[in-house]
Amino acid sequence: MDAVTLRDITAALAKGELTATEHVRQVLADLDALDGTPWSNLVAARNDAAALESAARADAELAAGNWIGPLHGVAVAVKDNIDVAGMPTRCGSNVLADVAPAAQDARIVERLREAGAVVVAKTHLHEFAYGPSGLVNAAGPARHPHDPTRITGGSSSGSAALVAKGVVPLALGTDTGCSVRTPAALCGVVGLKPTFGALPVDGVFPLSTTFDHVGLLARDVLDAALAWGALPGIAHLRTPVSGLRVGRLRGGIWDVPAAFESALDDACRTLSDLGAEVRDVTLPETDDLLGVYPVVTGSEAYETHQRWFENDPDLYQPATAALLAAQRDRPATDYVRAVRAAARLRRDVLRRLRRDDGLDALITVTTPLRSAPLDSDPAALRGPLLQMCIPFSVLGVPAVSVPAPGDRDLPIGVQVVGLTSGTSGHGSHPGESTALALAMAVDGTDLLTDPS
């Protein structure tokens, strides 16, 4: 499976050097090649006939001179908690083992198709997206794309791994606490969690409606930016790095092991060399942000699962069952207080960071550890894999995980968080533009290259 960038595929399709049918057939063959390997369970469902029909339609449009944009004819994978018409949405669980195929696409899948993309597969996830390791699934754990004895991270485990293995150039994931960014960091790809609500969640099985985001996984930042700008309703903005004010988080959980600090040193030096102003900052509300997340997420998850869980808890994987059981007796007042606290934190923290501290972005690592062994305890991994990401899910701001330069087999992820607020027209997202521009710099991308 030769890794090819999204922009290489797009260019070949647009120039007629490759047809969508040829491209999709190759991807389907690469998916076939996973059978009998440690990575066979990365694919949760397929509908090859439907994919080839979509590819044929894309070719007909291209032949007629109707090129829709950068995703036209491109094969894309979708996490298996997102509805794709004609395929079941099992969420990695025996609870939904016999569920009927979805009658219609989730809205984000509709947007992908409107942009010309071809859905080729649904992907492995940590059961019901309720965990950050990728270890918990009715079909077994997801295995790291470069070392099958290690974890992928989760919950968008299969999406990250298929991109990292070069099977697909782009995949959809979801991110409630860390679930796009953490597997991106551990697998050595790029994960974009946009602003809360920027991408629709209609047709996505909920974990926490207060914090659920849809996100993108791509091979590098330029591909992520290309895909982001190609989605209907999204306007890509060009943001120069020079003059941006970036806060490097320090203190408490933000002080990480030496190798991770070194990766941040390198990233910050690169940004400074390009004219960004980088300075150390603290986030005194970190503990409060971390505190409200499990109360809100746990309460909302239990409400969704209560009937199934009370009727037949043994259908859930033990780790998921333990998380749900812990929510059973939580008072409703705790949930209400946490929801109100989250709203207050979003307002107060963002006002301080943007107005009082004058920041355009924050930078830290995505996780304080590299990929762990496959026999690790999911409960022990939960805190470290979530803690650097949760604050930005609660705040609802865009964040990009990008591999630090160096070893990408067991990489370190650098997380860039966009704080720029406001809009400059319908569909504009300046926070994403800021985060992507800074992530491109960290990734060593030529900033003069136009990703739109």
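Q: How do the residues of the lining of the second largest cavity divide into nonpolar, polar and charged?
A: The lining holds 6 nonpolar, 3 polar and 1 charged residues. Ala, Val, Leu, Ile, Met, Phe, Trp, Tyr, Cys and Pro count as nonpolar, Asp, Glu, Lys and Arg as charged, and the others, Gly among them, as polar. Asp212 belongs to this lining and is therefore charged by that rule. This is a predicted model: local features need pLDDT of at least 70 and side-chain atom pairs count only at pLDDT 80 or more, whereas totals for chains, interfaces and linings use all residues. Residues are numbered from 1 along each chain as its sequence is written, and side-chain values use heavy atoms, with hydrogens and water left out.

Q: What makes a space a cavity, and what makes it a pocket?
A: On a 1 Å grid over the protein atoms alone, a cavity is a set of points where a 1.4 Å probe fits but cannot get out; a pocket is an open set with protein on both sides within 12 Å along at least five of seven lines. The model has 2 cavities of 30 Å³ or more.

Q: Which residues line the largest pocket nearest its centre?
A: Lining residues have an atom within 4 Å of a point. By that rule 19 residues line this pocket, and Ser54, Arg57, Arg113, Ala117 and Val118 lie nearest its centre. Helix 3 (48-63) gives the largest share of the lining, 7 residues; helices (H or I, at least four residues) are DSSP runs, numbered from the N terminus. The pocket has a volume of about 300 Å³.

Q: Why does Cys187 count as buried?
A: Buried means under 20% relative accessible area, exposed over 50%, partly exposed in between (1.4 Å probe, protein chains only). Cys187 has 1% relative accessibility and therefore counts as buried; Cys268, at 7%, is buried too.

Note on methods
Points joined across faces, edges and corners; volume = space filled by probe spheres on them. Helix = DSSP H or I, 4+ residues; strand = E, 2+ residues; numbered from the N terminus.
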